[in-house]
Amino acid sequence: MKPETQKQIAATLKAFKPIEAYIAQKKKIAAAFDALEEKVARTGAEHKSFLQKAGALEAKRLLGEASDADAQVLDTDLIAVRDQQDRLSAARQALELQQAELDHRVKPLYEAAGQAIGDLRRVIETDLDQEMRQAASMLTSIVNRLYAFRHATGIGLPSREIMDMKIPSVVDGTNLFQEPARFHPRNDSVIEAAWEKDKDAKALHDSLQAFGTAYSILHRDERRVDDAQRQAERDSEQLHAGHVGA
């Protein structure tokens, strides 16, 4: 990774510190709301239970079956539950106020994050673009030299192990080794092959061309000799057949 990229990543991490604090506070408030809801539900159930007990006790007092002293403890508990409900309501308002203050920070933090991510993206895209171009150039050079070897020697295409490789083009996704390859136009074509524009491939071609020429001459002579030998064998067979018939 280039120093410029590392420097920009460090700047992005620094820019995200307030965002990390915002997210941490957001989680704390969410957890506080969850805990509040649990207490509200529990206190509500206790309040309902105390009301039922208070109602039953009040009915007994009206029937003369219970005294005021019997209801005093229950009244104290009921007041305590109502006080708890008031505190929970006040706690909800306090949390909602903190949530509102946190919400006011969302837009500027979002804009800051977008700016930081955008700056980082441009640096990394530039970095990776250079790497991709270097890799593509190296790969293209290799393919060019393969076809330069083929053109210089006339032996044929590289081995199937190489030609069967799947290397997708970054331009259109097609396989660089897929036939018909764009690196060897027809012999009668006036279009210059792509490999001929590659300095290294052209140098390899020129250094091997003498081998290819010699090999081609031997190939033609070998075929000529074979043809002559086969013709001689046929003539001999015909002559032998003529003597036998006579």
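Predicted model: local features only at pLDDT ≥ 70, side-chain atom pairs only at ≥ 80, totals over all residues.
The chain has an average pLDDT of 79, and 82% of the residues reach at least 70.

Now to helix H4, which covers residues 106-153. Its 48 residues should span 70 Å at 1.5 Å a residue, and the end C-alpha atoms lie 68 Å apart, so the two values agree. Just after H4 comes Gly 154, with a positive phi of about 70°.

On to the packing itself. As a reminder, a pair of packed helices is described by the angle between the axes and the distance between them.

Let's take H1 and H4 to begin with. Their axes are 9 Å apart, at an angle of about 165°. An angle over 145° counts as roughly antiparallel, and that is why H1 is roughly antiparallel to H4. The crossing of H1 and H4 is left-handed. On the H1 side, the contact residues are Glu 4, Thr 5, Gln 8, Ile 9, Thr 12 and Ala 15; they meet Ala 116, Asp 119, Leu 120, Val 123, Ile 124 and Asp 127 of H4. Sorted by class, that contact has six nonpolar, three polar and three charged residues.

Next, H2 against H4. Here the axes come within 10 Å and cross at roughly 140°, which makes H2 oblique to H4. The H2–H4 crossing is left-handed. From H2 we have Pro 18, Ile 19 and Tyr 22, meeting Val 106, Leu 109 and Ala 113 from H4. Which classes make up this contact of H2 with H4? The six residues are nonpolar, with no polar and no charged ones.

That leaves H1, residues 3-15, with H2: the axes come within 4 Å and cross at roughly 40°. Leu 13, Lys 14 and Ala 15 of H1 make the contact with Lys 17, Pro 18 and Ile 19 of H2. In that H1–H2 contact, four residues are nonpolar, two are charged and none is polar.

Notice that Pro 18 and Ile 19 of H2 turn up in the contact with H4 and again in the one with H1.

Key
Residues numbered from 1 in each chain as written. Heavy atoms only, no water. Axes fitted to C-alpha atoms, helices over the stretch in contact; angles between N-to-C directions. Helix = DSSP H or I, 4+ residues; strand = E, 2+ residues; numbered from the N terminus. Parallel < 35°, antiparallel > 145°, perpendicular 65-115°, else oblique. Left-handed = near helix turned anticlockwise from the far one by under 90°. Contact = heavy atoms within 4.5 Å. Nonpolar A, V, L, I, M, F, W, Y, C, P; charged D, E, K, R; others polar. pLDDT = per-residue confidence, 0-100. Expected span 1.5 Å × (residues − 1).
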